[in-house]
Structures are given as structure tokens and as C-alpha cells.
Amino acid sequence: MKKIGFIGLGIMGKPMSKNLIKAGYQLIVSDFNQDAANELRELGAEVEYTPKAITEKSDIVITMLPNSPNVKEVALGENGLIEGAHEGLIYVDMSSIAPGASQEVYKALVEKGVEMLDAPVSGGEPKAIDGTISVMVGGKKEVFDEVKDVLDAMAGSVVHVGEIGAGNVTKLANQVIVALNIAAVSEAFVLAQKAGVNPEAVYQAIRGGLAGSTVLDAKAPMMLDRNFKPGFRINLHMKDLTNALETSHEVGAPTPLTAAVLEMMYALKTDGHEFEDHSSLLKYYEKLANAEVSR
């Protein structure tokens, strides 16, 4: 089996790496959080302390990092992947970053004989834990085919969507749709509450119709229970929407609704809600209407 390096053992990365171990892969891991690294060590993983050291020992290196600057630093910085690069290495970045950043990293690594895929994920922590995340992959099809078995060990859906950068374009589209759905649900529930109709009844009445969606079924119960414990934090969604807006400006595709929802999230950040689940978009509408949604 291929030897896999895994860098980034956060909310998503730790359960994803555990699923690789369950599938029988030999892992070398690294993270700033030594408790997470030690937890993986207890499951059989080897621990290294620099991307360079991990890369030198690996056939495939996977990163799961917060944003574009983190990926650039790990891939191209001092003691980075590029310093441990060797012929035949495949780098799979599963972070959600700007498509242009993926292309920039690829151009630097391919000169060292390294192939790269950008493979961001969707599904949040619960699906990372049970191994049913969706993975959208950009890069050469033959490289995708070579690592698909590894991705399948962490995911319920793995789809090749185009050349390098296409994975992150797809993820941005996903995040735009999710954010706008949550905002629409929030707006509708506050309307129902103010009009004297139980939002729980509204949810049950509409979920089987055209307004029904995975987003509605995932987030409406959280809103109704006033459970804003993060599955996906507001500040992370802000990062994705910022990347979406930057990309939209680069390619000339106006995204006015995305811009509006991002401003709502900035307002929530100002009120101290940035570390709550993105379902707390509800609170933005509640503040406008001086209302509180409940079952």
C-alpha cells in the first residue's frame, strides 16, 4: 500500500486520517496540535514535525489546512513539501482555498516532478467522522485515477471535475449555495415567527416539497433548537465566501447574493458569533426583526 503523509489534524483532518488508518494505510502525520498527533500515533501513525520530513517518506501527501496562505507555507515555505519533493510524489490538497492559489502551488511543484490535485471536501465534521464526505477533485485524470482508492477510504462521493483549480471552484460554488440556502431558511423562519405561525410547523410542511433540501434538513432543526454549536463555523464560511468573491471578480462573474450574505456574516462576527455554526445566520434576521425563532 502507498505510504501517506497527512498534514492538518483539525476538525476535519483528524477523522479523515483516522479513516485512512482504518482502511489499512500507513500514515505519517503532522500538526501544530501535538495532542491530535499523539492520538494518531496511538492508532499506529508515525509522527514527523516538518512537511519536508513527511514528504521525504511518503508516496502521497495530503493537506487539510485553513486557507490559502497556510497551504502556500506548508507546500512552498521553509522545510516545506517542495524541499522534500521527489519524483513520483503526488500531493493532494484537500483544503478549501482560492483556485488561483492551487494553480500557483501546482506550477511550483510540477517543476520538481510532483503531481498535484486540489480536492476540497463538503459535509462537515459528522461526515468526516463516518467517512461519507463529498470530494471534488481538480487535476490530471490519470493522477486522480491513481489516488482514487485513497480518497474513497475517506469519502462517500469522489468526483473528478476538471483541471487543477477546478476542485476549489466547485467547492466555492458549493459554499455559495449552502450560504444562500441558510440565509433563505433564516429569513423565512423569522417571517413565520413574526406572522404568528410556528416555524416548526412551517418546516414540516415544506420539507417534502420544492423548498426541501439537505441544507434545510441539516440546519432547520439546529435553528429551532437554538443549537449553534459549530459543525461549520461562521468564520470559516466567511473565508470561503471571500474566496468566492475574489474569484468572481477575477473571472467577471458578479455574485451579488454572495456579497450580501458575506456582509451578514461580518455583522455576526461584530456581535461575537463568528465561532458559532453558520446556522446562526438566523440571529442576523432575528436582530433585524426583534424576534426569536423557537419550536
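Biologist: Why are helices α8 and α10 oblique to each other in this model?

Modeller: Two packed helices are described by the angle between their axes and by the distance between those axes. Here the axes of α8 (residues 166-194) and α10 come within 10 Å and cross at roughly 45 degrees, and α8 and α10 are therefore oblique to each other (under 35 degrees is roughly parallel, over 145 roughly antiparallel, 65 to 115 roughly perpendicular, the rest oblique). Axes are lines fitted to C-alpha atoms over the stretch in contact, with angles from 0 to 180 degrees between N-to-C directions, and helices are DSSP runs (H or I, at least four residues; strands E, at least two), numbered from the N terminus. Please keep in mind that this is a predicted model, in which local features need pLDDT of at least 70 and side-chain atom pairs count only at pLDDT 80 or more, while totals for chains, interfaces and linings use all residues. Residues are numbered from 1 along each chain as its sequence is written, and side-chain values use heavy atoms, leaving out hydrogens and water.

Biologist: Which residues of α8 and α10 meet?

Modeller: From α8 come V178, N181, I182, V185, S186 and F189, which meet V215, L216, K219, A220, M223 and L224 of α10, where contact means heavy atoms within 4.5 Å.

Biologist: At what angle does α9 pack with α10?

Modeller: Helix α9 (residues 199-206) and helix α10 (residues 214-225) pack at about 165 degrees, their axes 10 Å apart, and are therefore roughly antiparallel to each other. On the α9 side the contact is made by P199, E200, Y203 and I206, and on the α10 side by L216, D217, A220, P221 and L224.

Biologist: How many residues does the largest nonpolar core have?

Modeller: That core (buried Ala, Val, Leu, Ile, Met, Phe, Trp, Tyr and Cys joined through side-chain atoms within 4.5 Å) has 36 residues, and F6, M16, I62, V92 and M94 have the most contacts inside it. Its largest share, five residues, comes from helix α7 (residues 141-152), whereas a second, separate core of 32 residues includes L172, I182, Y203 and F228. Neighbours within four places in sequence aside, I62 is in contact with I4, G5, F6, I7, L20, V92, M94, V150 and M154.

Biologist: Is L27 buried or exposed?

Modeller: L27, found in strand β2 (residues 26-30), is buried, with a relative accessible area of 1% (buried is under 20%, exposed over 50%, partly exposed in between, using a 1.4 Å probe and protein chains only). Beyond its neighbours within four places in sequence, L27 is in contact with I4, F6, S17, L20, I21, A45 and E46.
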